Amino acid sequence: MEKMEFDKKRCMSAIYAIAKEKGVKIGDLEKEANVSTGYLSKLNKEENTSSPSIELLLAVARVLGVTIDMLIYSEYEGLSSNERYMLKFLDKLINDTLSGELQWEKETKKQLLNVNCDYMGNEAYAEHPLFEASETLVGDGQYRLDAYYYSRFFPEGDTLIAGDGFHAVLSPADAELYIMKVDNEEANMEIGYDQFEVYLVNRGGVKPLGCSDFVCGEVSRQIQNLYKVIVDADSNLGINDEVKSIIDLYMNEDEELPFN
């Protein structure tokens with residue numbers, strides 16, 4: 001994931017836009033963040049060259065109920081309503097994963113490359129909602145069943161499993177959310193960056209929600225961050241971008257930091 005430089009204007013714009021959307025007054029936000037009245041307003045002035053501290057951003061993120069990534073990296077004010085909705089959804093998934101409220105089940109790459117197939121009547125099917133079954137003639141009228149990953153974002157191309165996949169039940173809807181690490185050479189032009197696809201599976205229906213290649217940068221970044229958070233939670237090491245930004249302050253205290 002490409003690292004973005006800290007941009008004070010972008011950050012303050014996100015704080016004000018999210019606070020307005022949530023109906024939180026700036027004065028109340030300042031009070032809850034334990035800073036003096038008018039502090040954020042002064043900080044937001046163009047002539048003010050000071051940057052918000054990491055402690056302030058953590059406090060603001062807590063009050064607004066978002067991750068610090070959403071404040072630092074998103075051009076929130078310029079997003080469409082659907083992009084904002086998806087960003088908030090991904091942000092909640094990240095928060096709930098970090099808190100342990102959302103539990104993910106892992107399917108290893110090896111398992112995904114060996115999905116079982118069978119017949120129901122004369123119809124072949126794969127025993128996984130994101131896979132399809134294909135019949136291959138092997139001679140003497142005999143067919144071999146193979147399962148292949150079916151990307152709803154690249155239905156014409158060959159999209160391959162590139163890593164472990166994860167799914168979780170979203171209560172109380174009892175729908176399942178899937179996030180898959182994939183590779184599609186047509187999409188990445190053999191550049192080799194990670195690609196991720198997100199699906200909602202409900203009552204047998206598969207609804208594509210987002211592909212890291214087909215969405216705006218803010219949503220793409222959060223899809224990638226969600227996968228990292230899930231992997232870290234699975235390994236019991238919760239070191240996502242938000243945690244790294246705090247640790248980096250400690251580890252690089254003698255260097256110039258993006259926050260004052």
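R152 lies over the face of Y199, 5.8 Å from the ring centre; a charge counts as over a ring if NZ of Lys or CZ of Arg is within 6 Å of the ring centre and within 35 degrees of the ring normal. The model is predicted, so local features need pLDDT of at least 70 and side-chain atom pairs count only at pLDDT 80 or more, while totals for chains, interfaces and linings use all residues. Residues are numbered from 1 along each chain as its sequence is written, and side-chain values use heavy atoms, with hydrogens and water left out.

**Aromatic pairs**

- The structure holds six aromatic pairs (rings of Phe, Tyr and Trp, the last by its six-membered ring, with centres within 6.5 Å; planes under 30 degrees apart are stacked, over 60 edge-to-face, the rest tilted).
- One of them joins F153 and F214 edge-to-face, at 6.3 Å centre to centre and 65° between the planes.
- F153 lies in the loop between strand 5 (142-149) and strand 6 (160-170) and F214 in the loop between strand 9 (205-211) and helix 9 (217-234), so this pair ties together parts 61 residues apart in sequence.
- Helices (H or I, at least four residues) and strands (E, at least two) are DSSP runs numbered from the N terminus.
- F154 and F214 form a tilted pair, because their ring centres are 4.9 Å apart and their planes at 45°.
- F153, F154, Y199 and F214 form one aromatic cluster.

**Burial**

- F153 is buried at 18% relative accessibility, and F154 is buried at 12%.
- F214 is partly exposed at 49% (buried is under 20% relative accessible area, exposed over 50%, partly exposed in between; 1.4 Å probe, protein chains only).
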